[in-house]
Amino acid sequence: MFGRHASSRSFVALALASAGCAGPQSALDPAGRDAAEIAELFYWMAGGAVLVWAAVIGLAVYAMAIRPRPHSERTGAVLIVGAGAIAPTILLTILLVDGLSMMPAVLAPGDDSTRIAVSAERFWWRVQYTLPDGESFTLANELRLPVGRRVSLTLTSPDVIHSFWVPSLAGKVDAIPGRETHLALEPTRTGVFRGACAEYCGSGHARMAMHVVVLEPDAYAAWVEAQRAPAREPVTARATEGAALFDAHGCGACHTVRGTAADGVVGPDLTHVGSRHALAAGTLDNDEEGFRRFVAHPDELKPDAQMPSFAMIGDARLRALAAYLDGLE
Ligand code: CUA
């Protein structure tokens, strides 16, 4: 109703540049259709609030400046009913109708040829892609999406309520045990966008981030093919030693590495963990040092993480394990 799509682009860009609100995790720097709608509504509401504030302060200053004089009862009634009831009702109704008019667009489901199921665990995100041919693969703390296509996500949780929020792309939706909620994402530009759990879920809540990597359609298709494939064989002697240690210490009881005997489902699927944007739900860089630190002391890096510490196996073995995991691209 405000001619939303064209009118305030330049205003938004100007406001962003001056306020320093750009970045990979900003609802005011939208990279998705839904986030753009929400940002625009925010600017209209903020503008409306500024106008009302200016009017009220203006009246107060005026009242202080003039010499008090008696009003007729009629003038008083017009002021109270007009400015106290009618004006706010009209203003709030306009904002409500405008906000509600966004709902069909924001709630519209996406193309479901590829289904993405997100399960919020304590304290990471299990992400399962089911492809049009029925094949599926699982990853953690990361989604990759093609630019310009609207995709549907289903969300749930096995333990407590979490909330999935990637501010640059869309609004937030809770992941609720025993229920399935829905969200659609429609990225409008490529890039890496950060999301976070937006509902307090325990001591590891602040370390429950995820990344959404938006790719050109060709790059996305190549990524899907790479994810479908089983894990790479280790190529160096150290990584081969790491693979044997992974097996010997029972890591496969909790983690899956497709193509090997490891088929646990308690923890994240590690088949292509080396290719992900970050480690431990956005806590660490994805490199050998990151793997070494996390395997040695998950409890220190992420409070209440369910993975036990493996510091007791010693630094040399930790480095071998890290080399193996880092090679799982
Ligand atoms: Cu999960 Cu907060």
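This is a predicted model: local features need pLDDT of at least 70, side-chain atom pairs count only at pLDDT 80 or more; totals for chains, interfaces and linings use all residues.
Ala 237, Asp 247 and Ala 248 are exposed on one side of helix α7, while the buried residues of this helix are Ala 239, Gly 242, Leu 245 and Phe 246. Viewed down the axis of α7, the buried residues fall within an arc of 110 degrees, so they line one face of the helix.

**Helix α7 and its surroundings**
- Helix α7 spans residues 237-248, and its 12 residues reach 17 Å from the first C-alpha to the last, which is close to the 16 Å expected at 1.5 Å a residue.
- An α-helix has 3.6 residues a turn, so residues three or four places apart point the same way.
- The cover over the buried residues of α7 includes α10, which comprises residues 315-326.
- Just after α7, Gly 250 adopts a positive phi of about 75 degrees.

**A cis peptide bond**
- The peptide bond from Arg 122 to Phe 123 is cis, its omega being near 10 degrees, and Phe 123 lies in the loop between β1 (111-121) and β2 (124-130).

**Positive phi in residues other than glycine**
- Asn 141, in the loop between β3 (136-140) and β4 (142-146), is a residue other than glycine with a positive phi, near 60 degrees.
- Asn 141 counts as buried because its relative accessibility is 11%, and the cut-off for buried is under 20%.
- Asp 304, placed in the loop between α9 (298-301) and α10, likewise is not a glycine and has a positive phi of about 65 degrees.
- Asp 304 counts as exposed because its relative accessibility is 53%, and the cut-off for exposed is over 50%.

Key: Residues are numbered from 1 along each chain as its sequence is written. Side-chain values use heavy atoms; hydrogens and water are left out. Helices (H or I, at least four residues) and strands (E, at least two) are DSSP runs, numbered from the N terminus. The expected span of a helix is 1.5 Å times one less than its number of residues. Buried means under 20% relative accessible area, exposed over 50%, partly exposed in between (1.4 Å probe, protein chains only). The arc is that of the directions from the helix axis to the C-beta atoms. Contact means heavy atoms within 4.5 Å.
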